[in-house]
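Please look over the sequence and the model shown here before reading the briefing.

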Amino acid sequence: MSLPIYLIGARGCGKTTVGQALAAALGYDFCDTDYYLQQVSGKTVAEIVAEEGWPGFRSRESASLIAVTAPGKVIATGGGMILAAENRQFMHDNGHVIYLNAPAEILASRLEAYPENAQRPTLTGRPIAEEMAEVLAARDQLYRQAAHHIVDAMQSPEAVVQQIVNALSLARAS
Ligand SMILES: Nc1ncnc2c1ncn2[C@@H]1O[C@H](COP(=O)(O)OP(=O)(O)O)[C@@H](O)[C@H]1O
Ligand SMILES: O=C(O)C1=C[C@@H](OP(=O)(O)O)[C@@H](O)[C@H](O)C1
Ligand SMILES: [Mg+2]
């Protein structure tokens, strides 16, 4: 059985972009928990947060993680999926968890170029560079706790895919 592969990491690390390429490379299905949530609710992330606050979004996000989990799938999570201990445990127990790691400055420059405001309403109310530094400082340990493997997300998407394939082959061989 091919366990699901969960991609975790902060906004802008490339979970959605790399996830699609990884799924194509492995012949797996691709799924993104934010897209799933938007499809079932008919609302963007920003609309859900405006109507229900972040707690409402987080609770829908946790439910979507369970709903999309299946063998043979690459699952791109939202950057805050690891905030709930039960989500970290669920991913760790049910699949391969990969942390796409990059410094806050790189993440901020990607997000400044393509903000996608409907997908990424502000988390702190602060400018993006400050927000990413603060958010990553608060979450880095949680990403590391949840992950089976950590990859360098500063490389090209193709190179990140290759790192993941290598990490999973090594894990299978050991
Ligand atoms: N490895 C990469 N190198 C350069 N740019 C990237 C890389 N991965 C993603 N990006 C860009 O960064 C932005 C955020 O990517 P996305 O996949 O949506 O990240 P996430 O889902 O982790 O928030 C997009 O504009 C995407 O094209
Ligand atoms: O970091 C976060 O808390 C969030 C990241 C977003 O997903 P991406 O990481 O795919 O941008 C999305 O789930 C939501 O805006 C919350
Ligand atoms: Mg994404």
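Predicted model: local features only at pLDDT ≥ 70, side-chain atom pairs only at ≥ 80, totals over all residues.

Residues are numbered from 1 along each chain as its sequence is written, and chains are lettered from A and ligands numbered from 1 in the order in which they are written.

**Surroundings of ligand 2**

- Around ligand 2 lie Arg11, Lys15, Thr16, Asp34, Val45, Gly78, Gly79, Gly80, Gln119, Arg120 and Leu123, a residue being counted if its C-beta atom, placed from the backbone, lies within 6 Å of the ligand.
- This shell is made up of two nonpolar, five polar and four charged residues, where Ala, Val, Leu, Ile, Met, Phe, Trp, Tyr, Cys and Pro count as nonpolar, Asp, Glu, Lys and Arg as charged, and the others, Gly among them, as polar.

**Annotated positions**

- An unreviewed UniProt entry places the feature "binding site" at Thr16 and Asp32; such annotations may be inferred rather than shown by experiment.
- These two positions are spread over 17 residues of sequence, yet they cluster in space, with a largest C-alpha distance of 6.7 Å.
- Thr16 belongs to helix H1 (residues 15–26) and Asp32 to strand E2, helices (H or I, at least four residues) and strands (E, at least two) being DSSP runs numbered from the N terminus.
- Thr16 is partly exposed, having 19 other C-beta atoms within 10 Å, while Asp32 counts as buried because it has 22 C-beta neighbours inside 10 Å; buried requires 20 or more such atoms, exposed 12 or fewer, and partly exposed lies in between, with C-beta atoms placed from the backbone.
- Leaving aside residues up to four places away in sequence, Asp32 touches Thr16, Gly19 and Ala76, contact requiring C-beta atoms, placed from the backbone, within 7 Å.

**Helix H2**

- In helix H2 (residues 33–41), the buried residues are Thr33, Asp34 and Leu37.
- They are on the same side of H2 because they cover an arc of only 100° around the axis, the arc being that of the directions from the helix axis to the C-beta atoms.
- The cover over these buried residues includes strand E2 (29–32), helix H3 (45–68) and strand E3 (73–76).

**Nonpolar core**

- The largest nonpolar core has 37 residues, of which Tyr6, Leu7, Ile8, Ile75, Ile98 and Leu100 touch the most other members; such a core is a set of buried Ala, Val, Leu, Ile, Met, Phe, Trp, Tyr and Cys residues joined through C-beta atoms within 7 Å.
- H6 gives the most to this core, with five residues.

Key. Contact = placed C-beta atoms within 7 Å.
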